[in-house]
Amino acid sequence: NFGMAIMMQTDGTSTYNGLQVALSKHLSRGLEFTGNFTWSHATDGTEQQAFGGEGCVGNAVPTDPYNPSRDRGASCYDHKYITNVSILYHFPNIRSDNIAAKFLHGWWTGNTVSMLTGEPFAPALGTIDRAQSGIFANIHTSVDRVSLGTATVAPGTGGNTTASTTFIPFNASTVILGDPNHWFNAAMFELQPAGTLGNAPRSLLRGPGSGTWNLSMNKDTRLPFLGEQGNLEFRAEFF
C-alpha cells in the first residue's frame, strides 16, 4: 500500500584536493593589486540529503544505492579553476595648478575580475524509471542517466515509424559544442535497454564557465573650505 519508501543514511564520502596561490602588491607608484588562483577538485558519491535539494542535473541523486562507486564523480559545486584579481591604480598628477590641471588631478580606477570554470552535470533521461530500479520511481522526474552513444541507428517510435536517429560514438574532446542553445552533442548519447542503468558516468560533462569584470572610475577633488579632510569624490561604476 506504499507508493515509495525512502531510506536516508549518512554513509557518503567526499574528497577535496586543492592548490591555492595568492599574489599581492602594496601601494607604490600608484599601483596596488591582489590576486588569487585556486586549482581544485572535489569528488563524492552524490551529496544531497533530500531529493530536490540540489540543482545538479543527473548529478545529485544516486542511481544505484547498492553500488556507490557507480555514482562517484565530481561534486555538484566542483569548479576546477577559480581566479580573482583586484587592481587599484592612481593616475599620476601633472605638476601644475591651472584649471585644466585641477580637472586632471585625483583620478584613480578600481577593477575586480573573477573567473571560474563551469559546474559538472550528466545527461538525464526524460523517461521515468527506464531502468526499472524503483529509485524515486513515482516523483515525476527521472534520475537515470543515459548511455554513451555508439555508431547505431535507432528506428522511429510511435506513429512515426520511418524516422530514425543516428547516434555517433562518444568523444570526450568534441562532445561540448559551446553553443549556449545547444551546449553538448546529444547524438553522442542514447537510450540504454529498458531494465538497465545507463553507462554514462556521473559528472561527465561541464557547463559553461563564467566571468565578471567590475570597473570604477573615480576622481578625488580637495575642498579646503570644508576643512583639512574636505574632499569631493566623483564615482562611476560599471558591473
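S203 is buried, its relative accessible area being 14%, where buried denotes a value under 20%, exposed a value over 50% and partly exposed anything in between, as computed with a 1.4 Å probe on protein chains only. The structure is a predicted model, in which local features require a pLDDT of at least 70 and side-chain atom pairs count only at pLDDT 80 or more, whereas totals for chains, interfaces and linings use all residues. Residues are numbered from 1 along each chain as its sequence is written, and side-chain values rest on heavy atoms, with hydrogens and water left out.

The protein has 1 helix and 15 strands, these elements being DSSP runs numbered from the N terminus, with helices (H or I) of at least four residues and strands (E) of at least two. Of the 239 residues in the protein, 28% are buried. With a contact defined by heavy atoms within 4.5 Å, residues 24 or more positions apart account for 63% of the contacts that have a separation of 6 or more.

Backbone geometry is considered next. Most residues other than glycine have a negative phi. S203, which lies in the loop between β12 (189-190) and β13 (205-206), has a positive phi near 60° although S203 is a residue other than glycine. Q132, likewise not a glycine, has a positive phi of about 55° and is placed in the loop between β6 (120-121) and β7 (147-148). Whereas S203 is buried, Q132 counts as exposed because its relative accessibility is 58%.

V175 belongs to the loop between β9 (164-166) and β10 (176-179) and counts as buried, with a relative accessibility of 2%. When neighbours within four places in sequence are left aside, the residues in contact with V175 are F170, W183, F184, N185, M188, F189 and L205. The C-alpha atoms of V175 and A186, which are 11 residues apart along the chain, are separated by 8.2 Å.

A search of the whole structure finds 7 aromatic pairs, a pair being defined by rings of Phe, Tyr or Trp (its six-membered ring) with centres within 6.5 Å, and classed as stacked for planes under 30 degrees apart, edge-to-face for planes over 60 degrees apart and tilted for the rest. The rings of W107 and F234 have centres 6.0 Å apart and planes at 70°, and the pair is therefore edge-to-face. This pair links distant parts of the chain, since W107 lies in strand β5 (residues 107-116) and F234 in strand β15 (residues 231-238), 127 residues apart. F234 is partly exposed, with a relative accessible area of 44%. The rings of F170 and F189, by comparison, have centres 5.6 Å apart and planes at 55°, so that this pair is tilted. Here too distant parts of the chain are linked, F170 being in the loop between β9 and β10 and F189 in strand β12, 19 residues apart. F170 counts as partly exposed at 22% relative accessibility, while F189, at 6%, counts as buried. F121, F170, F184 and F189 form one aromatic cluster, and among its members F170, F184 and F189 are in contact with V175.

Charged side chains form 6 salt bridges, each requiring a side-chain nitrogen of Lys or Arg within 4 Å of a carboxyl oxygen of Asp or Glu. One of them joins R145 and D71 at 3.1 Å, N to O, and connects distant parts of the chain: R145 is in the loop between β6 and β7 and D71 in the loop between β2 (31-44) and β3 (73-74), 74 residues apart. Both R145 and D71 are buried. A second salt bridge, between R206 and D78, has an N to O distance of 2.3 Å and links R206 in strand β13 with D78 in the loop between β3 and β4 (81-90), 128 residues apart. In this pair R206 is partly exposed, with a relative accessible area of 22%, and D78 is buried at 2%. The side chains of E237 and R235 likewise meet in a salt bridge, at 3.1 Å, N to O, and the two residues are partly exposed, with relative accessible areas of 42% for E237 and 39% for R235. Together with E233, R235 and E237 are linked in a network of salt bridges.
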